[in-house]
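Thanks for coming, everyone. Let me put the structure up, and then we'll walk through it piece by piece.

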Amino acid sequence: MAEPTPRRSLRLLEQACSQGCLHLCAHVAHYHLEGASVSPDVTRGLRWLERACDGGDAAGCRRLAEIYDQGVFVARDAVRSISLFERAYDLGYGCADGLCL
């Protein structure tokens, strides 16, 4: 069995996301946006977050909304941010036992 390394972990996460485990796409995005074990690549990181959100991952939509809201990695875009926050909410972000915050 191959030795576990951060780069190997990233490759496995990318494979899982590409095969439909879309909730893992946000984790892949983190590696690229923050430069965790790889060189930072904002474009690639944002693409992985878009993929997560487009696939129905509420946490991915929330993270993308925060990025546009704060203008981190991208130009600030309030309209886009609100739309993404609404999508995250519609997908259940912030809801537990039927109670949404």
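What covers the buried residues of helix 2? Keep that in mind for a moment. One caution before we start: this is a predicted model.

So, helix 2. It runs over residues 25-34. Helix 2 is mostly covered, with seven of its 10 residues buried. Here are the buried ones: Cys25, Ala26, Val28, Ala29, Tyr31, His32 and Leu33. Now the answer. The cover over these buried residues includes helix 1, helix 3 and helix 4. At the end of the helix, look at Gly35. Gly35 follows helix 2, and its phi is positive, near 70°.

Next, how helix 1 sits against helix 2. In general, two packed helices are described by the angle between their axes and the distance between the axes. Helix 1 covers residues 6-18. It packs on helix 2 at an angle of about 140°, and the two axes are 9 Å apart. Helix 1 and helix 2 are therefore oblique to each other. Their crossing is left-handed.

Who touches whom? From helix 1 we have Pro6, Ser9, Leu10, Leu13, Glu14 and Cys17. They meet Cys25, His27, Val28, Tyr31 and His32 of helix 2. By type, the residues of this contact split into seven nonpolar, three polar and one charged.

Now the second pair, helix 4 and helix 5. Helix 4 is 58-70, and helix 5 is 78-90. Their packing angle is about 160°, with axes 8 Å apart. That makes helix 4 roughly antiparallel to helix 5. This crossing is left-handed.

The contact list goes like this. Helix 4 brings Ala58, Cys61, Arg62, Leu64, Ala65, Glu66, Tyr68 and Asp69. Helix 5 brings Arg80, Ser81, Leu84, Phe85, Arg87 and Ala88. Sorted by type, the residues of the contact are eight nonpolar, one polar and five charged.

Let's zoom in on Ser81. It belongs to helix 5. Is Ser81 buried or exposed? Its relative accessibility is 1%, so Ser81 counts as buried. Setting aside residues up to four places away in sequence, Ser81 touches Ala65, Tyr68 and Asp69.

Now move to Asp77. You'll find it in the loop between helix 4 and helix 5. Asp77 is partly exposed, with a relative accessible area of 32%.

Last topic, the core. How many residues does the largest nonpolar core have? There are 25. The residues with the most contacts inside it are Leu33, Leu46, Trp48, Leu49, Leu64, Ile67 and Leu84. Helix 2 gives the most, with six residues.

Take Ile67 as an example from that list. Leave aside its neighbours within four places in sequence. Then Ile67 is in contact with Leu33, Leu46, Leu49, Val72, Phe73 and Val74.

To wrap up, back to where we began. Over to you for discussion.

How values were computed: Residues are numbered from 1 along each chain as its sequence is written. This is a predicted model: local features need pLDDT of at least 70, side-chain atom pairs count only at pLDDT 80 or more; totals for chains, interfaces and linings use all residues. Side-chain values use heavy atoms; hydrogens and water are left out. Axes are lines fitted to C-alpha atoms, for helices over the stretch in contact, and angles run from 0 to 180 degrees between N-to-C directions. Helices (H or I, at least four residues) and strands (E, at least two) are DSSP runs, numbered from the N terminus. Angles under 35 degrees count as roughly parallel, over 145 as roughly antiparallel, 65 to 115 as roughly perpendicular and the rest as oblique. A crossing is left-handed if the near helix is turned anticlockwise from the far one by less than a right angle, and right-handed if clockwise. Contact means heavy atoms within 4.5 Å. Ala, Val, Leu, Ile, Met, Phe, Trp, Tyr, Cys and Pro count as nonpolar, Asp, Glu, Lys and Arg as charged, and the others, Gly among them, as polar. A nonpolar core is a set of buried Ala, Val, Leu, Ile, Met, Phe, Trp, Tyr and Cys residues joined through side-chain atoms within 4.5 Å. Buried means under 20% relative accessible area, exposed over 50%, partly exposed in between (1.4 Å probe, protein chains only).
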